[in-house]
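Please have the sequence and the structure open while I talk.

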Amino acid sequence: MLYDPERQTTGLRQTRSIICWTRMQAEAGQGLEMILARKDLERRTCDGTFLWGVGNAPGSEPARLARGNVPVDVIFSVMKSRPKERDANASELNVWRGYTDQFGVERALPAGALVTSRAAEASSRVRSHYALMCRSDLPVTLRDLGPFNPKAFRNVGGRGAPVGASQVTALLREFEPNEEDQGGYRANVRATLTGGYWVRLINPVRLGPARARSLLSHLDDVTDMCPENWLELVTDLRRGPRQPAGPSTLFEHADGMFARGAPVV
């Protein structure tokens, strides 16, 4: 199902029986390769930690696992379909400033964390957005770590349903490790969940078209940034009035984002 050359082991059964799987693609005006470059800057700046934004709500299981410090791998696979035009070319963005942890406590994102998402219409309420809190000792870069077969897993919680076609991010339990159909996906990035695991983001700042374009321009030069410049950029972006978060929106496409010290979109 999955070969991880970094761990020299075959199959998720030999690592952990519960995993988080997310499909990634261009989001909030940024291409996937640039998103991953920002993620790695974030990881290097934040002692191995980075945040990955997702659109769908986590349910109760991730918080329970986080409270119990249950180890959970997170597997990233490139999405088969192209991103929607509105996702690949967002005109306005939300920059998130806080999150609700596994104990229900509202916390500010780390000083260097930049998590963004496509903003809804100006007349609409702010949509809820979420993030995976990840950790990796290895560079966050696009690789081929072997096949990943979602058909060999079932959703954690509920009735243990198969992975739905519209599920971009899911918490899964191994079901049929010998399933022959590989499902057509590859494992392209690997990390572990940390902190609150899968958290709800709060308190966004909305960037209008001009500031959004300026941010995307800055992120094009992310490989040339140093941590000090990055912190200055994030601090400036977070200035603005507090906004309430709206109702959750299920099955949004995954966002690229940043955590402590790296960009996110």
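Let me begin with Val-95, whose bridge partner in strand 8 is Thr-116. Strand 8 covers residues 115-118, and it runs antiparallel to strand 6 (residues 93-100), to which four bridges join it; two strands are taken as paired if DSSP finds at least two bridges between them. Val-115 and Ser-117 point one way from strand 8, while Thr-116 and Arg-118 point the other way, and all of these are buried, where buried means under 20% relative accessible area, exposed over 50%, and partly exposed in between, with a 1.4 Å probe and protein chains only.

Before going further, a word on the basis: this is a predicted model, in which local features need pLDDT of at least 70 and side-chain atom pairs count only at pLDDT 80 or more, whereas totals for chains, interfaces and linings use all residues. Residues are numbered from 1 along each chain as its sequence is written, and side-chain values use heavy atoms, with hydrogens and water left out.

For the chain as a whole, there are five helices and 14 strands, with helices (H or I, at least four residues) and strands (E, at least two) being DSSP runs numbered from the N terminus. Of the 265 residues, 54% are buried. If we take contacts, meaning heavy atoms within 4.5 Å, between residues at least 6 apart in sequence, 85% of them join residues at least 24 apart. The chain exposes about 11700 Å², of which carbon and sulfur atoms supply 47%; accessible areas come from the Shrake-Rupley method with a 1.4 Å probe, and for residues only the protein chains shown count as cover.

Turning to the aromatic residues, rings of Phe, Tyr and Trp (its six-membered ring) pair if their centres lie within 6.5 Å, and planes under 30 degrees apart count as stacked, over 60 as edge-to-face and the rest as tilted. By this rule the count comes to five aromatic pairs. One of them is Trp-21 with Tyr-185, an edge-to-face pair at 5.1 Å centre to centre, with 80 degrees between the planes. Trp-21 lies in strand 3 (residues 18-24) and Tyr-185 in strand 13 (residues 185-186), so this pair ties together parts that are 164 residues apart in sequence. Trp-21 counts as buried because its relative accessibility is 2%, and Tyr-185 is likewise buried at 11%. Trp-21 and Tyr-185 also belong to one aromatic cluster with Phe-148 and Phe-153. What sits over the ring of Tyr-185? The charged end of Lys-80 does, 4.5 Å from the ring centre, the criterion being NZ of Lys or CZ of Arg within 6 Å of the ring centre and within 35 degrees of the ring normal.

Finally, the salt bridges, each a side-chain nitrogen of Lys or Arg within 4 Å of a carboxyl oxygen of Asp or Glu: a search of the whole structure finds eleven. Among them is the bridge between Asp-144 and Arg-186, at 3.2 Å from N to O. Asp-144 lies in the loop between strand 9 (130-135) and strand 10 (147-148) and Arg-186 in strand 13, so that pair ties together parts 42 residues apart in sequence.

By contrast, Asp-40 and Arg-44 both lie in helix 1 (residues 32-45), four residues apart, about one turn of the helix, and their side chains meet at 3.3 Å, N to O.
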